[in-house]
2 protein chains.
Amino acid sequence: MQSVHIERGKVSIRETVKPKRGKSQAILKLIAGGICNTDLELLRGYYSFKGTPGHEFVAEVVDADSKKWVGKRVVGEINAACGKCEWCRKKLGRHCPDRTVLGIVNHPGAFAEFFTLPEANLLEVPKGVRDEHAVFTEPVAAACEILEQVRIAKDEPVAVLGDGKLGLLIAQVLRAAAGAKVTLYGKHKSKLAIAADMGIQTVITEKLPEGAYAKVVEATGSAAGLEQAVRMTRPRGHVIAKSTIHGKTTLDMAPVVVNEISIVGSRCGRFEPALRLIKGRKLNLDPMLNGGEFALPDAAQAFAKAQQRGILKVLLRNA
Amino acid sequence: MQSVHIERGKVSIRETVKPKRGKSQAILKLIAGGICNTDLELLRGYYSFKGTPGHEFVAEVVDADSKKWVGKRVVGEINAACGKCEWCRKKLGRHCPDRTVLGIVNHPGAFAEFFTLPEANLLEVPKGVRDEHAVFTEPVAAACEILEQVRIAKDEPVAVLGDGKLGLLIAQVLRAAAGAKVTLYGKHKSKLAIAADMGIQTVITEKLPEGAYAKVVEATGSAAGLEQAVRMTRPRGHVIAKSTIHGKTTLDMAPVVVNEISIVGSRCGRFEPALRLIKGRKLNLDPMLNGGEFALPDAAQAFAKAQQRGILKVLLRNA
């Protein structure tokens with residue numbers, strides 16, 4: 001079968017052996033995958049990665065222990081956990097120390113004709129949901145995760161910093177799922193417009209307001225974002241840190257301590273609430289699909305496209 | 001009257017005018033003050049400070065609107081707030097944007113024969129409490145603040161990083177007030193012994209355990225401490241950041257985000273629970289008074305002593 005391979009900054013297609021499945025594992029046939037910033041970071045050498053990336057996907061189950069899955073169209077949580085440790089028992093397999101992570105850590109990713117995931121990770125995609133929307137389940141789940149970590153009240157003012165893919169999804173999710181009064185701060189008129197279309201207040205980042213919000217989500221993807229977010233936060237407020245940045249961040253901790261601010265790291269989330277939001281058409285996803293679709297063998301072009309200025313989501317389609 | 005003055009790294013004694021009090025203010029006559037690390041930082045130029053420092057004190061009220069205060073021996077909260085804003089209404093005057101801070105921000109400090117504080121900030125020191133113990137109320141309150149920010153269960157393992165004054169008090173407070181199973185990590189056998197005497201487990205810092213604690217208190221006073229504390233923290237755990245460090249801290253945010261760790265800034269606390277712990281003799285304070293007492297006019301020697309290796313608390317006595 002064909003697999004995307006990345007190594008030392010290069011994207012190539014390799015002919016690989018179709019994966020076999022272990023106990024409780026499903027074999028999935030890719031329908032479509034989405035290229036995420038993490039994939040671009042992996043390409044740049046983050047996690048010393050080499051192999052097949054891909055963790056945003058919609059696929060068809062071709063084999064599994066429970067035959068009821070076969071033929072189903074699914075998305076799947078990307079952390080494959082041991083199922084036995086204390087984290088797994090608390091339904092927090094996302095923090096299982098023995099986990100592998102699809103397309104990121106010790107688990108060949110979804111940018112291949114076939115790949116595997118534990119059956120327990122799968123969710124069926126409801127009929128009415130289009131493939132290209134289902135692909136967003138993983139990043140929407142990452143946005144939903146914020147609501148499991150901090151309490152956000154209806155009509156509560158929340159600032160989201162960064163108008164990249166994740167920032168746009170977070171702004172929309174906090175408004176749609178929690179009723180927050182979101183203001184999205186970004187640098188790109190065309191990207192901000194996607195949120196503005198959903199009734200979200202948007203601001204071109206020039207001078208950021210100081211100490212203005214009790215909740216600030218940092219999704220800039222840049223090392224400078226955290227310090228900006230801290231400056232925007234009121235005493236006793238929360239900065240939700242979403243950017244995984246390669247390398248060190250510098251931060252003046254004095255305002256964090258003096259103003260007793262909490263910086264809350266936030267990563268992957270549960271898929272159910274995300275799929276529910278997508279199914280309910282609560283999110284403005286179509287304008288984010290501005291990078292077009294590429295066939296799996298054209299992955300190198302797809303990755304090049306994903307790195308162009310202004311491009312949000314690029315999809316890879318399996319034939 | 002005589003006041004301690006610090007400016008550009010020098011400690012001097014100045015003859016100044018006895019302060020007048022405004023409405024709702026009390027005039028206090030210093031009995032004894034404690035030199036704190038913040039005072040040493042002010043001496044080094046932190047907050048571009050020049051003036052009279054001192055915020056750890058026990059004093060006698062010599063004048064106030066409510067005459068019931070006169071003659072009372074008191075300690076006092078160091079943030080002098082407006083009393084009207086939303087923070088003050090929530091009893092969080094410590095975050096009032098218009099606050100002055102005794103001996104730190106726009107408010108002449110306690111290292112003088114006389115100084116002022118709002119009556120509302122005062123607490124009477126119970127009869128049985130010695131002056132040199134009452135002086136610890138402010139730093140003990142800062143330790144108590146942790147318990148108002150994160151829930152610590154009885155017998156919960158908590159790591160405290162740093163065996164300076166604040167680390168020693170935090171370790172003792174978390175054990176005495178919350179029943180936590182505290183392990184204090186430090187570099188100084190003699191300092192760790194003060195906590196060990198109270199039944200606290202102590203460890204000389206060599207190789208710190210990774211991902212071992214759900215709660216880690218960072219009280220090293222050094223920029224490297226935060227990253228060490230993050231490394232010691234389990235997924236979904238809390239780092240309580242207590243060190244106010246002048247300048248920037250560098251931090252790898254990836255483990256914070258991936259492990260969804262919360263970094264909680266923590267500063268001053270309420271005085272009542274602190275004074276209760278001191279009154280109940282729950283803390284091992286005497287061995288911390290290893291810097292001796294100096295008369296107010298000998299403040300320069302007292303500050304020099306406080307900077308010597310191994311010295312914890314130095315007191316200034318008013319005649």
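I take a residue as buried under 20% relative accessible area, as exposed over 50% and as partly exposed in between, with a 1.4 Å probe and protein chains only.

**Entry 1: conventions.** I note that this is a predicted model, in which local features need pLDDT of at least 70, side-chain atom pairs count only at pLDDT 80 or more, and totals for chains, interfaces and linings use all residues. Residues are numbered from 1 along each chain as its sequence is written, chains are lettered from A and ligands numbered from 1 in the order in which they are written, and side-chain values use heavy atoms, with hydrogens and water left out.

**Entry 2: Pro108(A).** I looked up Pro108(A) and placed it in the loop between strand S7 (100-101) and strand S8 (114-118) of chain A. Helices (H or I, at least four residues) and strands (E, at least two) are DSSP runs, numbered from the N terminus. Pro108(A) has a relative accessible area of 58% and is therefore exposed. Apart from neighbours within four places in sequence, I found Pro108(A) in contact with Thr52(A), Leu102(A), Gly103(A) and Phe115(A); contact means heavy atoms within 4.5 Å. Thr52(A) is 56 residues away from Pro108(A) along the chain, yet their C-alpha atoms are separated by 5.2 Å.

**Entry 3: chain A as a whole.** I counted ten helices and 18 strands in chain A. Its radius of gyration is 19 Å, close to the 20 Å that the globule rule gives for 319 residues, so chain A is as compact as a globular protein of that length. The radius is taken over C-alpha atoms, and the rule is 2.2 Å times the number of residues to the power 0.38. The C-alpha trace spans about 55 × 40 × 40 Å along the principal axes of chain A. Buried residues form 58% of the 319 residues in chain A. Of the contacts in chain A with a separation of 6 or more, 67% join residues 24 or more positions apart.

**Entry 4: charges.** I recorded 47 positive and 33 negative side chains in chain A, with the centres of the two sets 2 Å apart. Lys and Arg count as positive and Asp and Glu as negative, whereas His and the chain ends are not counted. Each charge is placed at NZ of Lys, CZ of Arg, CG of Asp or CD of Glu.

**Entry 5: the two copies.** I superposed chain A on chain B by a rotation of 180° with 0.0 Å of shift along its axis, at an RMSD of 0.0 Å. That is the relation of a two-fold axis. The same surface serves both copies, as 100% of the contact residues of chain A recur in chain B.

**Entry 6: positive phi.** Glu260(A) is not a glycine, yet I read a positive phi of about 50°. Glu260(A) sits in the loop between helix H8 (254-258) and strand S16 (262-265) of chain A and counts as buried at 2% relative accessibility. Arg281(B), also a residue other than glycine, has a positive phi near 55°. I found Arg281(B) in the loop between helix H9 (271-279) and strand S17 (293-295) of chain B, where it counts as exposed at 62% relative accessibility.

**Entry 7: Thr137(B).** I located Thr137(B) in helix H4 (residues 137-149) of chain B. Thr137(B) is buried, with a relative accessible area of 1%. Not counting residues up to four places away in sequence, Thr137(B) touches Val75(B), Phe271(B), Ala274(B), Leu275(B) and Ile278(B).

Conventions: Copies are superposed by least squares on the C-alpha atoms of residues with pLDDT of at least 70 in both.
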